[in-house]
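Keep the sequence and the 3D view open as you read.

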Amino acid sequence: MPPMRSAFIALSRNRLLRGLAERSRLGVRLSSRFVAGMEIEDALRAAESVNKQGMHVTLDSLGESVSSGEEAEKAADVYHALLDAIAERKLDANISVKLTQMGLIVDPQLAEAIATNLAEHAKYVGNFVRIDMEDSALTDATLGIVRRVHARPELRGSIGIVIQAYLHRSQMDVDRLIADGLRVRLCKGAYNEPPEVAFAHKEDVDGNYVQLSKKLLSSSIYHGLATHDEKMITAATAFVKKRRISPSQFEFQMLYGVRRDLQRNLVAEGYNVRVYIPFGREWYPYFMRRLAERPANVLFLAKNLLRK
Ligand SMILES: Cc1cc2nc3c(=O)[nH]c(=O)nc-3n(C[C@H](O)[C@H](O)[C@H](O)COP(=O)(O)OP(=O)(O)OC[C@H]3O[C@@H](n4cnc5c(N)ncnc54)[C@H](O)[C@@H]3O)c2cc1C
């Protein structure tokens with residue numbers, strides 16, 4: 001992993017910096033490049049605007065690793081409110097949830113109960129819950145919870161998972177998930193992982209991404225390919241054309257504020273695009289991971305700081 005990327009991922013875990021940044025007005029201003037705003041209303045407004053451009057949405061109430069069950073319940077309440085608001089306003093949006101925010105580290109049973117409640121609520125309002133994937137220490141626990149919720153006949157199809165192409169294990173996981181009929185979002189992976197569990201070189205991650213996306217696209221389950229990498233996107237579109245797989249059978253997913261040109265082009269070509277819209281006061285770790293992904297984003301940050 002390039003040193004710059006590792007450094008930003010390490011900084012994303014720094015509690016002191018996080019506290020300072022999240023409370024500062026300048027920090028909030030800078031974060032607006034990738035974060036829709038601080039309140040639910042900001043996220044709903046952004047979702048409506050993205051929908052008007054012909055794209056689907058997934059909403060992420062920012063926050064990770066709560067330290068008590070109470071905090072987890074409070075974080076879950078925001079998602080329940082989102083599910084209701086999406087239904088009331090007839091938005092084309094689902095929700096993306098991190099299990100550490102739902103208490104996975106402090107109380108895994110609570111996290112599972114919350115995920116089950118959210119899937120039940122989603123089912124009731126005709127919606128869907130995507131469980132984001134976090135670092136590799138949590139992969140088994142996350143997969144276990146999603147599998148068990150999906151295995152309940154009444155909740156089948158109301159919950160989905162994320163697979164990270166940088167992990168060596170992902171080929172095996174994808175085979176199992178396809179056999180289970182679970183909907184997958186495929187991404188490259190955003191955390192700092194050791195070489196024992198993850199490919200260290202971009203070419204290997206990219207190669208695995210292409211292989212996994214072909215597997216998913218051939219499965220006749222509706223999956224999401226989350227990437228801004230034009231090479232990954234071209235490989236997928238070439239594959240579906242060759243195999244005569246309809247564009248309606250899958251979607252591309254991209255982050256709010258990243259490669260809007262590419263998002264619009266794919267919609268114009270007839271592909272489904274879903275935009276991941278994060279919002280909320282706990283924006284720092286998410287923002288730092290976005291800086292880690294692209295050195296040019298750091299220049300953008302520096303320019304803004306100098307302007308102040
Ligand atoms: C919808 C969505 C959901 C995700 N969910 C998860 C998850 O649950 N777990 C997880 O570990 N990761 C998640 N990720 C992040 C993902 O793992 C990657 O870290 C991230 O998408 C960058 O990889 P890439 O595929 O875009 O390719 P890269 O090879 O990183 O980038 C390819 C090109 O895309 C553009 N680009 C990429 N990132 C940025 C950026 N931040 N700003 C500007 N341009 C950029 C640049 O042009 C770059 O050259 C998600 C990503 C998306 C799009």
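Q: Between which two elements does the loop with Arg244 lie?
A: This is a predicted model. Arg244 lies in a loop. That loop runs between α10 (230-243) and β7 (250-255).

Q: Is Arg244 buried or exposed?
A: Exposed means over 50% relative accessible area. Arg244 has 78% relative accessibility. Therefore Arg244 counts as exposed.

Q: What is the phi of Arg244?
A: Arg244 is a residue other than glycine.

Q: Is Gln171 buried or exposed?
A: Gln171 lies in helix α8 (residues 170-180). The cut-off for buried is under 20%. Gln171 has a relative accessible area of 19%, so Gln171 is buried.

Q: With which side chain does the side chain of Gln171 make a polar contact?
A: Leave aside the neighbours within four places in sequence. Gln171 is then in contact with Asn208, Gln211, Leu212 and Lys215. A polar contact at 3.0 Å joins the side chain of Gln171 to the side chain of Gln211.

Q: Which residues of α9 are buried?
A: Helix α9 (residues 202-217) has 16 residues. It reaches 22 Å from its first C-alpha to its last, close to the 22 Å expected. Its buried residues pack against α8, β5, β6 (223-226), α10 and β7. They are Val205, Asp206, Asn208, Tyr209, Val210, Leu212, Ser213, Leu216 and Leu217.

Q: What covers the buried residues of α6?
A: Helix α6 (residues 108-124) has 17 residues. Among its buried residues are Leu110, Ala111, Ile114, Ala115 and Leu118. An α-helix has 3.6 residues a turn, so residues three or four places apart point the same way. The cover includes α5 (69-88), β2 (93-97), β3 (129-131) and α7 (139-151).

Q: Which residue just after α6 takes a positive phi?
A: Look just after α6. The phi there is about 70°. The residue is Gly126.

Q: Of the residues around the ligand, which come nearest?
A: There are 24 residues around the ligand. By class, the shell has 10 nonpolar, 6 polar and 8 charged residues. The nearest are Lys188, Gly189, Lys202, Thr227 and Glu293.

Q: What percentage of the ligand's area does the protein bury?
A: A nitrogen atom of the ligand is 2.8 Å from a polar backbone atom of Met133. An oxygen atom of the ligand is 2.9 Å from an N or O atom in the side chain of Gln164. A polar side-chain atom of Arg185 lies 3.1 Å from a nitrogen atom of the ligand. Taken alone the ligand exposes 930 Å², and the protein buries 88% of that.

Key. Residues numbered from 1 in each chain as written. Predicted model: local features only at pLDDT ≥ 70, side-chain atom pairs only at ≥ 80, totals over all residues. Heavy atoms only, no water. Helix = DSSP H or I, 4+ residues; strand = E, 2+ residues; numbered from the N terminus. Buried < 20%, exposed > 50% of the residue type's maximum accessible area, 1.4 Å probe, protein only. Polar contact = N/O pair within 3.5 Å; in protein donor to acceptor, adjacent residues only side chain to side chain. Contact = heavy atoms within 4.5 Å. Near = heavy atom within 4 Å. Areas by Shrake-Rupley, 256 points an atom, 1.4 Å probe, with all protein chains shown as cover. Nonpolar A, V, L, I, M, F, W, Y, C, P; charged D, E, K, R; others polar. Expected span 1.5 Å × (residues − 1).
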